[in-house]
Amino acid sequence: MNLSDFDFDLPEGLIATRPARPRTAAKLLVATPEAIRDLTVADLPDLLGPGDRLVLNTTKVIPARLSGRRTRQSAQGEVVAKVEVTLLEPAPGGDWMALAKPLRKLKEGEEIVFSASLSARVEAIAEAQMRIRFNLTGPDFDAALAEAGAMPLPPYIAALRAPDEQDKTDYQTVFAQNPGAVAAPTASLHFTPELLEKLREKGVQFTEVTLHVGAGTFLPVKVEDVTTHRMHAEWGEVSAQAAAEINATKLAGGRVIPVGTTALRLIESAATGPGVIAPFAATTDIFIYPGYRFRIADALMTNFHLPKSTLLMLVSALMGQERIREIYAHALTKNYRFFSYGDASLLLPG
């Protein structure tokens, strides 16, 4: 499999920079091996029912983009420089791994001030990242970060516009509970409390898991032979209750449908055999590409993904490469909106 096998031309005008309003007004492409239907997310209760279990990722996106200043004494006096920081993931001991611009001008031991209450010391610099230690921890840190930080919009949105206050609501799911992600599980952004209630009324069941989505989800694949690509690791948890719920659905012959590729990658990581899942609390770097045999997921609700991305490879594994080409060609013809704030698909491999 070559990287070029997963390429397609996407007009910039189809990259969504804001979500649909209301969230459930987003288009929903429903695909089986034989047919494609054009619906909306609001139609989801008519497509699912008793025996179906949606798996939801309850991770919560932190406002991981920070603008700060570092101060340094020079022969000309005090010099103040601007520093842009993007948090990547927690590090052992309470530190954080982060990106910085300009990283090459920072020095270990320097302090970066983000607000009157929030600052961080540069503990170490290695390659393209740094490790920093904030002056606050726990709820005090959470509160200061919420005030000083901006939502870490994906690069393809950030290139078109700057993040703003509205993104703090738009780029967060209504069931977000566990802070730690620096990217949203975007298929879940389409849900509202009203939609969840309608699905419950139809007999759909829900299982909650957590995968903290890392910035590595946006890293491009740089190898031509995709089978040699190394995935970034992300921390996830499937509780004993979640595993029991999923196992019960599989045993009863129901469908387990993860909402988003993050939930799918996590439950496949926790699988111990065909149709069997165990509790899980660890990092996963599972890479799903054509040829993979799914052990837990029976279908998938997901947005439309970047050309040459690992997520496009994942949906190609689920539906088949040729079928995904047909699905994406249809989406382009029908002007579906792509990527994080875009429209959704319900992929039913049969």
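Q: Ground rules before we start?
A: This is a predicted model, so to speak: local features need pLDDT of at least 70, side-chain atom pairs count only at pLDDT 80 or more, and totals for chains, interfaces and linings use all residues. Residues are numbered from 1 along each chain as its sequence is written, and side-chain values use heavy atoms, with hydrogens and water left out.

Q: OK, how many helices and strands does the chain have?
A: Nine helices and 19 strands. Those are DSSP runs numbered from the N terminus, with helices being H or I of at least four residues and strands E of at least two.

Q: And what's the radius of gyration?
A: 21 Å, close to the 20 Å that the globule rule gives for 350 residues, so the chain is as compact as a globular protein of that length. The radius is taken over C-alpha atoms, and the rule is 2.2 Å times the number of residues to the power 0.38. Along the principal axes, the C-alpha atoms fill a box of roughly 75 × 45 × 40 Å.

Q: Which domains does the assignment give?
A: Domain 1 covers 3–61 + 169–347, and domain 2 covers 65–150. The bounds come from an automatic or database domain assignment. Their C-alpha centres lie 33 Å apart.

Q: How much of the chain is buried?
A: Buried residues make up 52% of the 350. Buried means under 20% relative accessible area, exposed means over 50%, and partly exposed is in between (1.4 Å probe, protein chains only). The chain exposes about 15,700 Å², and carbon and sulfur atoms supply 51% of that; the areas come from the Shrake-Rupley method with a 1.4 Å probe, and for residues only the protein chains shown count as cover.

Q: What about contacts across the sequence?
A: Among contacts between residues at least 6 apart in sequence, 70% join residues at least 24 apart. Contact here means heavy atoms within 4.5 Å.

Q: On to the inside. Which residues touch the most other members of the largest nonpolar core?
A: Y171, V238, Y328 and F338, out of 62 residues in that core. A nonpolar core is a set of buried Ala, Val, Leu, Ile, Met, Phe, Trp, Tyr and Cys residues joined through side-chain atoms within 4.5 Å. Elements that each supply at least two residues include β1 (27–31), β12 (205–211), α6 (240–251) and α9 (321–333). The most comes from α8, with seven residues.

Q: What does Y328 touch?
A: Leaving out residues up to four places away in sequence, Y328 touches F8, N303, F304, H305, L312, V315 and F338. There's also a second, separate core of 26 residues, and L39, L196, V259 and A299 are among them.

Q: Is α7 enclosed or open, and why?
A: Largely enclosed by the rest of the structure, because nine of its nine residues are buried. Among them are R265 and E268.

Q: Switching topic: where is T207, and what does its side chain contact?
A: T207 is in strand β12 and is buried, with a relative accessible area of 0%. Its side chain makes polar contacts with the side chains of R53 at 2.9 Å and E245 at 2.7 Å. A polar contact is a pair of N or O atoms within 3.5 Å; within protein, one must be able to donate a hydrogen and the other to accept it, and residues adjacent in sequence count only if both atoms are side-chain atoms. Setting aside neighbours within four places, T207 is also in contact with residues including L54, V55, A242 and I246.

Q: Which peptide bonds are cis?
A: R21 to P22 is cis, with omega near -5°, and so is K101 to P102, with omega near 0°. P22 sits in the segment before β1, while P102 is in the loop between β7 (96–101) and β8 (111–113).

Q: And where do E127 and F339 sit, buried or exposed?
A: E127 lies in the loop between β9 (119–126) and β10 (129–134) and is exposed, at 82% relative accessible area. F339 is in the loop between α9 and β19 (344–347) and counts as buried, at 4%. Phi is positive in both, near 55° for E127 and near 75° for F339.
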